Amino acid sequence: MQKQLSLSMEKGDSNDLYDDDGRIKRTGTLMSASAHIITAVIGSGVLSLAWCFGQLGWIAGTASLMIFAVITWFTCLLLSDCYRSPDPVTGARNYNYMQAVKANLGGLQYKFCGIAQYGILIGATIGYTITAAISMAAINRSNCFHKSGQHNGCHTLNNSYLLIFGIIEIVLSQIPNFHKLSLISIVATIMSFTYASIGIALSIAKIAEGGHPRTSLTGIPVGKDMPSVEKMWSTFSAIGDIAFAYSFCPVLLEIQDTLRSSPPENKVMKRASTVGVSASTLFYMICGTLGYAAFGNDAPGNYLTGFGFYEPFWLIDFGNLCIVIHLLGAYQVYIQPFFAFVEDWSKEKWPQNKLITREYSIGKLKLNIFRLTWRSTYVVLATLVSMIFPFFNSFLGLIGATTFWPLTVYFPIEMYISQAKIQKNSFTWIWMKVLSMACLIVSLVAAAGSIRGLAVSVESFKLFHSVS
């Protein structure tokens, strides 16, 4: 292969086929990178921001959204310069987050990064499976409410929907790598804007109806219905939800590795991060403020699946369908780096094993037996975990809390300090360290709230099954 590549270079045509590292030429653009980011960032959690505002109130809710948007945007700019080392434009490529940490910080932190990164990626796919099944079930319940009335329970089991989502993901998981996800990400981005827009429109309609639900500058007031301890835990949980809502750093360098080399990848990625974070913040702010104005302190956790609205049922059904389609794409954006890690490791471990390395051509499709088997097995296992632990989303909050600080803040700052050779105890070094410590405190506080929320979810799950 190297001999063929060198001959190609001598003929002067390698620039048309290969990049400077000998890999097939990358074709990613600002639009595809922005679509990947928005697909990763804007999840159905956007519809829970009204609940976050209910816990925090107008002042802290708005301030939290803006502060974490700026922090995430800033650390993404730092991380974009770490795609190449030691020089951000001409240095050697780091194909993923772990390689960047290894190149800039060394082996021990590289292992810690791998545990944190792949832990949150795996957890996210399980959480997406559960969330998609809830939206599918919500479509069924919405139709039931329309026919039988809102007082009918219309309860339904989610297992069949979990299986449907898993079967579709088995097919989508055969997409060979991140470079082939552009179309899926664009469709998923359109879906995310669509269901967020539906939520906005329904909120405006509810506000127009009148009723004036109670809102507050500080959220739900402490009182008989909201003890001070409960207020504290719900505040911690809401801050954590907002902090993690922007987190796409675990897949940022994998997205950057899809970009063409001219203009420089770090410049395009910084623009894509700006577009992605700005678009996300705009939608977050609109959904959060309008949802809070519509529902007040009684805002549900998700007003499409939690039935803050019952009519028009067809619009709610369409919104939930958009959530499902978006999550199908988001699942792939999050899991492709883990797929690549396992497959690259396997090729290095057993380079002569044809089961792992051989590609079979079926028309325009390329089939690899190992990829087909291992990826399908992963999706099956993730779906089974979703069935066994329906309260896993509460556990995912804990995973997010414990990985937010290292992946979104600590590693980007430490790698930038190392690469840019920032002098210790200089002004820049000090304020970056202060920012890192402040975010660590937020992460610890949110983790405490998540542990408490997980305990409540487990107890509620046990109580429900003991009664039934």
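**Note on the predicted model**

1. Isoleucine 190 is located in helix α7, residues 182-209. Helices (H or I, at least four residues) and strands (E, at least two) are DSSP runs, numbered from the N terminus. Isoleucine 190 is partly exposed, its relative accessible area being 47%; buried means under 20%, exposed over 50%, and partly exposed in between (1.4 Å probe, protein chains only). From isoleucine 190 to phenylalanine 244 the separation is 54 residues in sequence and 22 Å in space, C-alpha to C-alpha.

2. Basis of the description. The model is predicted, so local features need pLDDT of at least 70 and side-chain atom pairs count only at pLDDT 80 or more, whereas totals for chains, interfaces and linings use all residues. Residues are numbered from 1 along each chain as its sequence is written, and side-chain values use heavy atoms, with hydrogens and water left out.

3. Overall form. The protein has 15 helices and four strands. Its C-alpha trace spans about 75 × 60 × 40 Å along the principal axes. The radius of gyration is 23 Å, which agrees with the value near 23 Å for a compact globule of 468 residues; the radius is taken over C-alpha atoms, and the globule rule is 2.2 Å times the number of residues to the power 0.38. Of the 468 residues, 50% are buried. Of the contacts (heavy atoms within 4.5 Å) between residues at least 6 apart in sequence, 80% join residues at least 24 apart.

4. In soluble globular proteins, nonpolar side chains tend to be buried together. The largest nonpolar core here holds 115 residues, of which Val46, Tyr97, Tyr284 and Tyr378 touch the most other members. Helix α11 supplies the largest share of this core, 15 residues. Such a core is a set of buried Ala, Val, Leu, Ile, Met, Phe, Trp, Tyr and Cys residues joined through side-chain atoms within 4.5 Å. With neighbours within four places in sequence set aside, tyrosine 378 contacts Ile122, Thr125, Tyr331, Ile335, Phe338 and Phe339.

5. Packing of α2 on α11. The axes of α2 (residues 30-41) and α11 (residues 313-349) come within 9 Å and cross at roughly 105 degrees. Axes are lines fitted to C-alpha atoms, for helices over the stretch in contact, and angles run from 0 to 180 degrees between N-to-C directions. The two helices are therefore roughly perpendicular, given that angles under 35 degrees count as roughly parallel, over 145 as roughly antiparallel, 65 to 115 as roughly perpendicular and the rest as oblique. His36, Ile38, Thr39 and Ala40 of α2 meet His326, Gly329, Ala330, Val333 and Tyr334 of α11. By class, this contact has five nonpolar, four polar and no charged residues; Ala, Val, Leu, Ile, Met, Phe, Trp, Tyr, Cys and Pro count as nonpolar, Asp, Glu, Lys and Arg as charged, and the others, Gly among them, as polar.

6. Backbone points to check. Most residues other than glycine have a negative phi, and most peptide bonds are trans. The bond joining serine 85 and proline 86 is cis, with omega about 0 degrees, and proline 86 lies in the loop between β1 (84-85) and β2 (92-93). A cis bond also runs from serine 262 to proline 263, with omega near 0 degrees; proline 263 is in the loop between α9 (252-256) and α10 (265-295).

7. Positive phi. Lysine 421, not a glycine, has a phi of about 55 degrees and lies in the loop between α14 (392-420) and α15 (427-467). Lysine 421 is exposed, at 68% relative accessible area. Asparagine 425 lies in the loop between α14 and α15 and has a positive phi of about 70 degrees; asparagine 425 is exposed, at 55%.
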